[in-house]
Amino acid sequence: MKLSKRMILLCLLIGVLPAPAADTLQIALCDEAVMNLFGDIITLSRREGSLRRYVDDQLVYVFSGTALSNKLILQEPLRPVLDEPDKIYVLDAATAQIIAWDRFLNVHTTTPLHDDIISPAEFTVTSEHDWLIYDDFYNHIVQIHPNGHFPYRWSDKPVSGDIHLYTIGHYVLLYLKDYRQLRICDNNGTTLSEYLLPDSLDVLRMLPLNMQSVGLVCENGVYLWKPKEKSCRYLSTMQDVIFMHAEKSSYTLINRQGTVITIP
C-alpha cells in the first residue's frame, strides 16, 4: 500500500518510518537448494520434478525429465547433494536410483541402488566421494565406495527415526530429529561430538553452515546456533526457509516461495 506524502512526513517526524529491508530477490518456487564452489545455486522442485541453475542471480538452465528423449522423470527426489567440484547428485527414493549431473545440469549417470537397500530416506556424499545412504527400513546408514556396488554398514552408533545427513569438509553431520541431537562424525563414521538442540526451540529443520554455526528453522523464523559456544540468537523472521549460506558477516536465505534475502 502506498503512503501519502502527509503520512510519510508524519512518520519522519515521529521516527517510525520502517528501516530499509535486507536485499531481496525472487526466484521460482522450490523445495531444496544448494550452492556449489562456483557460487551457482541449484534448486529442486519436487512437484515439477525439475532442477534449476542460477548464476549471479539469473536463471540459466532448467532440467526437466519431460524435455528429454529418455524421459528421466524425478518421482520422489531427495535433496540435491554436491560432490565438488562439479557433480550434483539426487537420490530418487521412488525409483531407487541415484542420478548424477554436472554443474551445467547435463545428466551423466543413473545408478540403481543395491537390492539390500529397502527404503532409502536420506543421502550425502563424503569428502572421499563415498555415498552414504540412510535406510529407514533397517534403521542404519550404509556406505558405498566410488565405482563400487556393495553397501557397508557405516557409523559407530545406532540411528533411527527421522535422520538428515550433511557433509561439511571432512566431516559428516547427522541430525537425529526425533532425539533433537546433532552428531558430528568423521568420514569413517566415528562419532567425534554430540550436541542437544536448545530446549526452548521447536525446530522444524536444521541447515548446517560450517563446523561452528548451524541454522535452526522454526515456525517463528530462523535462529543461528553455535553449539560449541552454547550460544543461539534470532536471525530472521523469514518463514519456510530451505537454504542458508554464510559468508563473512552476511547470511543468504531462501524459502519455499522462492524469496531470497541477504542479511548484512
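**Entry 1. Cavities**

I took a cavity to be a set of grid points where a 1.4 Å probe fits but cannot get out. With that definition I searched the whole structure, which is a predicted model, and found 1 cavity of 30 Å³ or more. I noted a volume of about 40 Å³ for the largest cavity. Which residues line it? I listed L173, L182, I184, N210, M211, V214 and P227. By class, I recorded 6 nonpolar residues and 1 polar residue in this lining, with no charged residue.

**Entry 2. Overall form of the chain**

I next looked up the secondary structure and counted 1 helix and 24 strands in the protein chain. The C-alpha atoms fill a box of roughly 70 × 50 × 30 Å along the principal axes.

**Entry 3. Nonpolar cores**

I recalled that nonpolar side chains tend to be buried together in soluble globular proteins. How many residues does the largest nonpolar core have? I found 17, and those with the most contacts inside this core are L173, L182, L197, V203, M206, L216 and W225. At least two residues of this core come from each of strand 14 (163–168), strand 15 (171–176), strand 16 (181–186), strand 18 (203–208), strand 19 (214–218) and strand 20 (221–226). Strand 19 supplies the largest share, 3 residues. I also recorded another core, apart from this one, with 15 residues, including L78, A100, I117 and V142.

**Entry 4. Pockets**

I read off about 900 Å³ of space in the largest pocket. Its lining consists of 31 residues, and V34, M35, L82, T167 and I168 lie nearest its centre. Which strand gives the most to this lining? I found strand 22, with 5 residues. The strands that each supply at least two lining residues are strand 2 (32–35), strand 6 (81–83), strand 10 (120–125), strand 14, strand 18 and strand 22 (241–247). I recorded the classes as 17 nonpolar, 9 polar and 5 charged residues.

For the second largest pocket I noted a volume of about 360 Å³. Of its 22 lining residues, E32, H164, L204, R205 and R256 are the closest to its centre. I found at least two lining residues from each of strand 10, strand 14, strand 18 and strand 19. The lining of the second largest pocket divides into 10 nonpolar, 2 polar and 10 charged residues.

I located F123 in strand 10. Is F123 buried or exposed? I noted a relative accessible area of 2% for F123, and because buried means under 20%, F123 is buried. Beyond its neighbours within four places in sequence, F123 is in contact with L78, R79, V81, Y89, L91, I98, W131, L132, I133 and L165. I also looked up F123 and D240: they are 117 residues apart in sequence and 22 Å apart in space, C-alpha to C-alpha.

I located Q212 in the loop between strand 18 and strand 19. Its relative accessibility is 46%, so Q212 counts as partly exposed. Q212 touches W225, K226 and P227, again not counting residues up to four places away in sequence. I recorded Q212 and E229 as 17 residues apart in sequence and 8.4 Å apart in space, C-alpha to C-alpha.

**Entry 5. Backbone geometry**

I found a cis peptide bond between E84 and P85, with omega of about 15°. P85 lies in the loop between strand 6 and strand 7 (87–92).

I then looked up positive phi values in residues other than glycine. D56 has a positive phi of about 50°, and I placed D56 in the loop between strand 4 (50–55) and strand 5 (58–64). D56 counts as exposed, at 67% relative accessibility. K248 has a positive phi near 55°, and I placed K248 in the loop between strand 22 and strand 23 (250–255). K248 is exposed, with a relative accessible area of 84%.

How values were computed
Residues are numbered from 1 along each chain as its sequence is written. This is a predicted model: local features need pLDDT of at least 70, side-chain atom pairs count only at pLDDT 80 or more; totals for chains, interfaces and linings use all residues. Side-chain values use heavy atoms; hydrogens and water are left out. On a 1 Å grid over the protein atoms alone, a cavity is a set of points where a 1.4 Å probe fits but cannot get out, and a pocket is an open set with protein on both sides within 12 Å along at least five of seven lines; lining residues have an atom within 4 Å of a point. Grid points are joined across faces, edges and corners, and a volume is the space filled by probe spheres set on the points. Ala, Val, Leu, Ile, Met, Phe, Trp, Tyr, Cys and Pro count as nonpolar, Asp, Glu, Lys and Arg as charged, and the others, Gly among them, as polar. A nonpolar core is a set of buried Ala, Val, Leu, Ile, Met, Phe, Trp, Tyr and Cys residues joined through side-chain atoms within 4.5 Å. Buried means under 20% relative accessible area, exposed over 50%, partly exposed in between (1.4 Å probe, protein chains only). Helices (H or I, at least four residues) and strands (E, at least two) are DSSP runs, numbered from the N terminus. Contact means heavy atoms within 4.5 Å.
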